[in-house]
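Q: I have a structure open and want to learn how to read it. Where do I begin?
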Amino acid sequence: MSQVFSSNPTSSNSASAPTPATLESPQDPSPCQACGACCASFRVSFYWAEAADLAPHWVEPLTPHLSCMAGTNRKSPRCEALAGELGREVACGIYEQRPSPCRELQAGDDKCLRARAAHGLPPLG
Ligand code: SF4
Ligand code: SF4
C-alpha cells in the first residue's frame with residue numbers, strides 16, 4: 001500500500017487521539033496496543049520542523065519543507081519507531097515526540113479502518 005498519512009503544516013497538534021502513542025499507558029485499553037496497522041500503512045509526512053527534536057535516524061527528508069518518519073516512504077511502509085509485532089503487541093518508540101499525523105489519526109476513523117483492513121485486522125467494534 002502506498003498512501004500518504006500527512007499533516008497540514010499549519011494545523012495544531014492534538015493529544016486526544018488514541019493513536020499508537022497510548023501504548024505506553026498500561027491502564028489505557030486502547031485497541032492500538034494490539035494493532036499498529038496505521039504505522040505500517042502510510043507515508044507519515046509532516047512539516048520538517050516538527051522533527052527538530054527527534055534523533056536524525058527517525059526521520060527522512062522528502063522535500064525542502066517536508067520530512068517523513070523513517071521507514072514509511074516505502075512500497076511496504078513500516079515506521080522505524082514502531083516496536084513489537086503488528087496485530088499482537090506494539091508500541092511507539094517516540095510517544096512524546098510523535099508528529100502531528102500520528103496525533104491526528106483517530107482509532108476507528110477512515111484511515112484506521114483502511115489500515116486495519118490492509119493488514120487483515122477486523123474493524124474496531
Ligand atoms: S490502525 Fe487504528 S487501531 Fe490500529 S494503531 Fe492505528 S489508530 Fe490504533
Ligand atoms: S511515530 Fe509512532 S505513532 Fe507515528 S507512525 Fe511511527 S510508530 Fe506510529
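**Reading the model**

Q: Which residues come nearest to ligand 1?
A: This is a predicted model. Of the 13 residues around ligand 1, the nearest are C32, C35, A37, C38 and C112.

Q: How does the shell around ligand 1 divide into nonpolar, polar and charged residues?
A: Ten are nonpolar, two are polar and one is charged.

Q: What should I look for in a nonpolar core?
A: In soluble globular proteins, nonpolar side chains tend to be buried together. Here the largest nonpolar core has 22 residues. C38, V44, M69, C79 and L82 touch the most other members. At least two residues of this core come from each of β2 (42-47), β4 (66-69), β6 (89-92) and α2 (110-118).

Q: Which residues is C79 in contact with, leaving aside neighbours within four places in sequence?
A: C79 contacts C39, A40, V44, M69, G71 and T72.

Q: Why is β2 largely enclosed by the rest of the structure?
A: Count its buried residues. Five of the six in β2 are buried, so the rest of the structure largely encloses this strand.

Q: In which sense do β2 and β4 pair?
A: Antiparallel, over three bridges. F46 has S67 of β4 as its bridge partner.

Q: Where is the pLDDT below 50?
A: Start with the overall score. The protein averages a pLDDT of 84, and 77% of the residues score at least 70. Residues 8-19 fall below 50, with 19 contacts in the model beyond near neighbours in sequence. Residues 21-26 are also below 50, and that stretch has 14 such contacts. Where pLDDT is low, the predicted coordinates should not be read in detail.

How values were computed:
Residues numbered from 1 in each chain as written. Chains lettered and ligands numbered in written order. Predicted model: local features only at pLDDT ≥ 70, side-chain atom pairs only at ≥ 80, totals over all residues. Near = placed C-beta within 6 Å. Nonpolar A, V, L, I, M, F, W, Y, C, P; charged D, E, K, R; others polar. Core = buried A, V, L, I, M, F, W, Y, C linked by C-beta atoms within 7 Å. Buried ≥ 20, exposed ≤ 12 C-beta atoms within 10 Å, placed from the backbone. Helix = DSSP H or I, 4+ residues; strand = E, 2+ residues; numbered from the N terminus. Contact = placed C-beta atoms within 7 Å. pLDDT = per-residue confidence, 0-100. Pairing = 2+ DSSP bridges.
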